[in-house]
Number of protein chains: 2
Amino acid sequence: MEYIFSDAFQRLKPSAIREIFKSLTDPTIISFAAGNPAPESFPVDELAKLSADIFKNSSTAALQYSITEGYPAFREAIAARQKAKFGIGTDKDMTMVVSGGNQGIDLCCRVLCNPGDAVICENPTFIGALNSFRACGAKTVGVDMDEDGMIPEKLEETIKNTKNAKLLYLIPTFQNPRGSTTSLARRRALYEIAKKHGIIILEDNPYGELRFRGEEIPTIKSMDDAGIVVYCSSFSKILSAGMRIGFIIAPEAIVQKMAVGKQCEDVHSNIFFQLLCYKYMTECDLDGHIEKIRAIYRRKCDLMLECLDREMPKEITYTRPDGGLFIWCTLPEGYDSAAFAKFAIAKKVAVVPGATFNCDTEAPSNAFRLNYSTPSDEQIVTGIKTLGEIACEYLSKE
Amino acid sequence: MEYIFSDAFQRLKPSAIREIFKSLTDPTIISFAAGNPAPESFPVDELAKLSADIFKNSSTAALQYSITEGYPAFREAIAARQKAKFGIGTDKDMTMVVSGGNQGIDLCCRVLCNPGDAVICENPTFIGALNSFRACGAKTVGVDMDEDGMIPEKLEETIKNTKNAKLLYLIPTFQNPRGSTTSLARRRALYEIAKKHGIIILEDNPYGELRFRGEEIPTIKSMDDAGIVVYCSSFSKILSAGMRIGFIIAPEAIVQKMAVGKQCEDVHSNIFFQLLCYKYMTECDLDGHIEKIRAIYRRKCDLMLECLDREMPKEITYTRPDGGLFIWCTLPEGYDSAAFAKFAIAKKVAVVPGATFNCDTEAPSNAFRLNYSTPSDEQIVTGIKTLGEIACEYLSKE
């Protein structure tokens, strides 16, 4: 039988990263392609202890159906922490637990966009978000960035030329894939433009707590007096990615619709791990734990930068991130990073070519993304050495 | 700011059951309204022990990102068990882990239906599925049932009169809300009709393992030589509902599209609990555990039937289920169960009025759903006594 899929899914292709991820079952490949947290960042012993407590004292609550919006005390703890630390949330906002940040993105688009509506994104941007938007039948429209983030004039222009722009998707802090951070002035400018045009901002902030250098910059959500920002974050990068626990903070009317959508998707997030996160937040030292993760990533990032400085030909440039998980490398103009990535994988090193993150073009990219959180120190040293050799060969050849 | 939602979500209302569920935080209410497994059906001690093992021996795998389709050994164990016990799955099928059965339903509709397409359902049917279909912008079209399940002639007629019917949604075993089971002859007839018209069947079977009386009837999926059945089930009713672990078995091409959709929704299901289920399946006695659950539900069902026999006026009829979680009660014709449910909640007993499960009408229903798995024995006795008193009063009044 030939199956006829919905228009949106007919067009959707499996994410290139997901395919790369699958190929990584080959243990001889050094992967700079993933975006996984470092395994040493999981507080295993404490989670094991708290789990045993839950089985002993709250097993029914932890194994039974629960409410869609999330475990109430956990939601309160999240809201209180976000308010105290980042000034996020007003009395018109509501907090909902989601099954990882991607679900927040997916639900936000599902409740706001009809097929054919447009989502305006930083170009390049997170492939998982792009696929969620496309799965809703939405059009993804890219706006150019520079080292300070999305360019406001280009956003104005894009809004003018785009029919039914409903959503502005931004990763202002340690952006994926570029690793760069939008400046405060830019955040304010982008917010004002969205407000003026009645466009909802979806602020995705999975990496915000992973700053290991420089000054904290306020989130866009913390400026949201008009109630136009859906803020989305998660525990994936600070406790465990595999548990699939994230949260959104957004105007109540939007969260209520997203809750209806979440009921359709999975009824509620794994309640055992909601309890576990809640206990971790209230009985352990989450902020102290995050400090440890920051130290790990500072070290790993510096090691990778050191190796790049040593191994890479001068024509290749790269960002020097203040946090997050990624370094963005750029080959000289005219070179295609997809070809470079093919050379690399043949030498057992995986990187993600920049075109993977394109919003709305098939254009080749001369940039590629490197991840430093997942590989071991040894893999970073060996892998970047190999990449350097490939780069020298590749640049001399063309 | 006034928010403008997508057309599908503009129309969607929170499920009535969900609202009832929320009101149930009032501990003085006896609830026959939920569909929760009995808390005593959770194998807490074994899960606690296996969890400790996972933290000790596989913590990185259990806390790190994983692949969308699910933990490979777990998928194999599911496929092998379904094949061996129920004859489900061919070499053209593929098994994928989902975050509870509802996600399987949601993804199936998302990949197959465009807004405006029709999903044909038993009327009445599971409200969670109806909402998933509506969230995709699909039209839900009900077909009448009798005690043997959906009526084939009515299905033929409905298909003839329905534009773009893409999906036939069936809960053949211990249907929600009616508790009734589709006969083998009917299963064959419905399958042949779907095949003839090129319509995919979504067979939802969350309760199939909860048979405590009578003969097993083969699933529709077990007859699927044409590759037209998406089979959806879960561990919610046999291990834990709160963990949100289910599975689908369906033709590979469909599962691959659903995997792309799942990546948008939550990337993958909680991997710790996938490992936990896998260990339970391979290191503990799942079938023996299911026998214990069946015994619990047989007892609870019989107790509720006994109470109904004793307390209810003769004009009220009800099903005598062979398994599952629900009894379907019918008031005399002309009575409205919504009014009855209001009387009941005023006396602190919650039931779900039948109209909640309507596919495509606003018509009142004279039936209501009772659940016997969640309440304690004492609550069943007291609650049904109260319902009997209300019923006597209500019937004499009108």
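## Close-up views of the predicted model

**Figure 1. Lys300(B) counts as buried, at 2% relative accessibility.** The model is predicted. Buried here means under 20% relative accessible area, so Lys300(B) at 2% falls below the cut-off. The side chain of Lys300(B) meets that of Glu40(B) in a salt bridge, with 3.8 Å from N to O. This pair links distant parts of the chain: Lys300(B) sits in helix α12 (residues 286–311) of chain B, and Glu40(B) in the loop between β1 (30–31) and α3 of chain B, 260 residues apart. Glu40(B) is partly exposed, with a relative accessible area of 44%.

**Figure 2. Glu209(A) and Arg81(A) form a salt bridge within chain A.** Their closest N and O atoms are 2.6 Å apart. Glu209(A) lies in the loop between β7 (200–204) and β8 of chain A, and Arg81(A) lies in helix α5 (residues 72–86) of chain A, so the pair ties together parts that are 128 residues apart in sequence. Glu209(A) is buried, at a relative accessible area of 13%. Arg81(A) is buried too, with a relative accessible area of 13%.

**Figure 3. Asp224(A) pairs with Lys221(A) in a salt bridge.** The closest N and O atoms of the two are 3.0 Å apart. Asp224(A) counts as buried, with 6% relative accessibility. Lys221(A) is also buried, its relative accessible area being 2%. Over all chains, a search of the whole structure finds 53 salt bridges.

**Figure 4. Arg178(B) is buried yet has no salt bridge.** The nearest side chain of opposite charge is that of Glu147(B), 5.4 Å away. Arg178(B) is found in the loop between β6 (165–170) and α9 (184–197) of chain B. Leaving aside residues up to four places away in sequence, Arg178(B) touches Pro124(B), Met145(B), Asp146(B), Glu147(B), Thr319(B) and Trp328(B). Pro177(B) is found in the loop between β6 and α9 of chain B. The peptide bond from Asn176(B) to Pro177(B) is cis, with omega near 15°.

**Figure 5. Asn123(A) and Pro124(A) are joined by a cis peptide bond.** Omega is about 0°. Pro124(A) lies in the loop between β3 (118–123) and α7 (127–135) of chain A.

**Figure 6. Arg244(A) has a positive phi, near 60°, in a residue other than glycine.** Arg244(A) is placed in the loop between β8 (229–234) and β9 (246–251) of chain A. At 4% relative accessibility, this arginine, Arg244(A), counts as buried.

**Figure 7. Lys348(A) also has a positive phi without being glycine, near 70°.** Lys348(A) is found in the loop between α13 (337–346) and β12 (349–350) of chain A. Lys348(A) is partly exposed, with a relative accessible area of 36%.

**Figure 8. Chain B meets chain A through 79 residues of chain B and 79 residues of chain A.** Between them the two chains bury about 6,600 Å², 61% of it on carbon and sulfur atoms. In chain B, Leu63(B), Tyr65(B) and Arg110(B) lose the most area to chain A, together 11% of what that side buries. The rule finds 38 residue pairs in polar contact across the interface of chain B and chain A. Helices of chain B that each supply at least two residues to the side touching chain A include α1 (7–11), α3 (44–57), α6 (101–112) and α11 (271–283). α10(B) gives the most to that side, with nine residues. By class, the side of chain B that touches chain A has 40 nonpolar, 27 polar and twelve charged residues.

**Figure 9. Asp106(B) reaches across to Arg110(A) in a salt bridge.** The closest N and O atoms of Asp106(B) and Arg110(A) are 3.1 Å apart. The count between chain B and chain A is four salt bridges. A network of salt bridges links Asp106(A), Arg110(A), Glu265(A), Asp106(B), Arg110(B) and Glu265(B).

Notes:
Residues numbered from 1 in each chain as written. Chains lettered and ligands numbered in written order. Predicted model: local features only at pLDDT ≥ 70, side-chain atom pairs only at ≥ 80, totals over all residues. Heavy atoms only, no water. Contact = heavy atoms within 4.5 Å. Buried area = accessible area lost by both parts, 1.4 Å probe. Polar contact = N/O pair within 3.5 Å; in protein donor to acceptor, adjacent residues only side chain to side chain. Helix = DSSP H or I, 4+ residues; strand = E, 2+ residues; numbered from the N terminus. Nonpolar A, V, L, I, M, F, W, Y, C, P; charged D, E, K, R; others polar. Buried < 20%, exposed > 50% of the residue type's maximum accessible area, 1.4 Å probe, protein only. Lys, Arg positive; Asp, Glu negative; His and termini not counted.
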